Amino acid sequence: MARYIMQRIFYLLITLFLIATISFFLMKLLPGTPLTAEDKLSEEQREIILEKYGLNDPEPIQYVNYLGRLVQGDLGISFQFDNRGVTQILMNRIGPSAQLGVQALVIGTILGILLGLLAAINHTGFLDYGSTFVAVMGKSIPSFVFAGLLQYFVGVKLGWLPVALWDGFEYSILPSIALMIFPLATAARFTRTEMLEVLGSDYITTARAKGVNELGVVFKHGLRNALIPLVTIIGPLAVSLMTGTLVIEQIFAVPGLGEQFVSSVMTNDFPVIMGTTLLFAFLFVVIILIIDLLYGVIDPRIRLAGGDK
Amino acid sequence: MENMLEVKNLKVSFDTHNGEVQAVRGVNFNLKKGETLAIVGESGSGKSVTTKALMRLLPKPHGYIKEGEILFEGMDLVKQSNKQMQKLRGKDISMIFQDPMTSLNPTMKVGNQIMESLIKHQKMSRGQAKKRAIELLHLVQIPNPELRVNQFPHQFSGGMRQRVVIAIALACNPKVLIADEPTTALDVTIQAEILDLMKDIQKEMDTSIIFITHDLGVVANVADRVAVMYAGKIVEIGSVDDVFYNPKHPYTWGLLGSMPTLDSEEAELFAIPGTPPDLLNPPEGDAFSSRNQFALEIDFKEEPPMFQVSETHFAATWLLHEYAPNIEPPASVKKRMRGIASTASGPKGDEQ
Ligand SMILES: Nc1ncnc2c1ncn2[C@@H]1O[C@H](COP(=O)(O)OP(=O)(O)OP(=O)(O)O)[C@@H](O)[C@H]1O
Ligand SMILES: [Mg+2]
């Protein structure tokens with residue numbers, strides 16, 4: 001098991017290296033420099049700044065320097081905010097994003113599971129059609145539409161919750177709801193399908209034939225088997241949330257990574273763009289790794305296979 | 001002997017998109033204490049549905065008991081509430097299923113799956129139940145039960161899993177055990193072991209068994225009586241000797257004739273022509289008439305009643321009517337009957 005984890009971490013580092021490389025050269029392909037928008041600068045001033053940030057060096061040299069700093073955990077210095085390290089900027093920004101992401105993922109998935117479960121138990125009944133409707137809406141309507149609706153009705157019309165900005169828990173509620181619709185809908189569809197399949201399987205009949213009551217059949221025998229495959233979609237869901245935050249943070253003016261990323265793209269702030277990309281990539285591969293390990297913990301069939309090797 | 005189970009005019013239907021499928025169309029039989037009743041018949045004849053109905057485990061909501069009584073020790077199971085059925089299932093009536101690879105919960109330890117009904121029905125503590133689970137695994141001849149009790153189903157072979165399923169079914173010493181093709185999915189040597197195990201356990205516990213199988217050799221080996229089902233009805237029922245040596249229904253002749261025996265020299269088997277009737281619109285008269293080379297005119301018009309052949313032997317064919325012509329089973333069938341008798345005599349002889 002330890003060997004397996006080491007191996008996975010090794011692959012993880014290779015993945016990050018590749019992403020760093022690709023994002024570096026993609027940056028170089030972008031038109032313009034960080035100074036494109038600054039038309040008040042004289043030719044000389046430009047030269048000084050480009051020199052200072054090493055942007056006049058040949059690209060291979062820039063690349064090697066970049067990697068060298070990266071290995072030491074230094075993501076470089078932002079062009080936009082003078083003299084502030086990218087690492088520091090990202091650290092300041094990660095809090096709100098993480099809070100939104102975790103709230104949306106955890107609550108959305110749990111509500112989705114419950115909804116899917118109700119649908120499966122009430123197969124072809126009212127609850128089933130109701131939850132199917134919710135799930136289809138949630139999957140097909142983009143989150144920014146929900147964001148707008150929430151802002152207008154809950155924020156403006158009812159005045160229950162703040163429309164935007166970031167100043168305490170209540171500010172996180174609307175953006176979290178807008179973000180959680182997608183994982184909720186996905187988890188609901190998935191749980192319903194899996195649960196229906198599990199409830200039709202032979203071992204459920206065995207459980208009934210033992211005299212297990214319906215509650216026991218659904219929760220003790222059904223749910224665990226239905227949820228094991230759900231673990232596999234949590235990773236992709238978490239990733240979709242990361243991209244979701246790009247839009248949602250912008251709409252709700254949340255000072256998170258997503259909003260930072262968008263504004264950095266606008267100003268060609270290469271170090272911040274690359275730093276954010278790397279951070280997203282890092283979170284992504286770590287989540288996938290955790291999910292894989294978790295899968296082994298909850299599925300005894302995989303646990304054994306892992307233990308033997 | 002006292003009747004454990006009396007099934008009277010049981011009718012089971014399924015509501016489907018195309019209409020009502022009449023899967024079981026008036027089945028009558030009884031099961032005595034300690035006896036084994038085999039149910040045989042072609043695929044789709046309603047064997048599984050009949051036994052699922054006995055446990056009230058028909059798929060809801062489209063499968064339902066339309067009519068009839070199922071008397072278990074005099075109590076009509078058709079009229080029991082779900083709660084009462086839950087108390088009965090696994091305690092008084094248990095079931096063993098066909099496919100041991102899918103009938104155990106893959107994410108639950110084998111021990112917990114056995115303990116579940118002990119805790120529920122016999123109010124045992126977890127500790128007591130675990131001890132009993134180990135004893136049960138020992139009873140079904142699983143080596144190292146102390147170790148095995150903590151393992152998951154995927155750590156067992158198919159034959160071992162079927163032993164676990166049997167242990168689960170036997171946990172609370174049920175009065176009636178229903179085995180729906182318990183050995184079909186297993187290879188031949190394992191089949192024989194499982195059958196021997198079931199016979200031993202039955203002797204020990206005096207359980208009544210309903211045994212569904214396609215294998216007439218197995219019937220001869222394990223059963224006291226046989227019911228032959230066709231298109232949702234029992235067309236012939238009697239002791240193994242009655243049905244194997246003196247079959248009266250042409251469908252039974254067909255079944256016996258289509259069964260390979262160890263010492264049958266000729267390769268050619270007698271096959272029943274045609275296909276079973278559509279249970280959406282069961283035909284008028286005898287459901288077997290269109291495939292029956294011995295059909296009489298009346299077979300196409302009116303359903304035959306159960307005629308009594310002997311004290312233990314009944315068959316539903318107009319051939320038994322006093323005005324019917326005297327028709328003997330085909331010669332090839334007679335020959336097979338002798339063949340089956342000789343395959344059966346081996347294991348049976350052992351028991352004496
Ligand atoms: N869930 C269901 N919905 C609709 N029809 C069903 C359902 N289950 C069984 N039937 C019908 O009931 C009839 C009897 O099926 P059953 O499973 O009892 O056959 P069987 O005698 O056990 O066959 P086999 O030997 O293949 O197991 C079949 O015609 C089948 O089409
Ligand atoms: Mg069957």
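Chain B holds an open sheet of four antiparallel strands in the order β2-β1-β4-β5. The model is predicted, so local features need pLDDT of at least 70 and side-chain atom pairs count only at pLDDT 80 or more, while totals for chains, interfaces and linings use all residues. Residues are numbered from 1 along each chain as its sequence is written, chains are lettered from A in the order in which they are written, and side-chain values use heavy atoms, without hydrogens and water.

**Sheet of chain B**

- The edge strands of chain B, each pairing on one side only, are β2 (19-32) and β5 (75-76); strands are DSSP runs of E of at least two residues, helices runs of H or I of at least four, and two strands pair if DSSP finds at least two bridges between them.
- Strand β1 (residues 3-16) of chain B pairs with β2(B) in the antiparallel sense over 11 bridges.
- B:L10 is opposite B:V27 of β2(B).

**Interface with chain A**

- The contact (heavy atoms within 4.5 Å) takes 25 residues from chain B and 20 residues from chain A.
- About 2000 Å² is buried between chain B and chain A, 61% of it on carbon and sulfur atoms; this is the accessible area (1.4 Å probe) lost on being put together, summed over both parts.
- B:T107, B:E116 and B:H154 supply 27% of the area that chain B buries against chain A, more than any other three residues.

**Salt bridges**

- Two salt bridges cross the interface of chain B and chain A, each a side-chain nitrogen of Lys or Arg within 4 Å of a carboxyl oxygen of Asp or Glu.
- A:K220 forms a salt bridge with B:E116, with the closest N and O atoms 3.2 Å apart.

Key. Buried area = accessible area lost by both parts, 1.4 Å probe.
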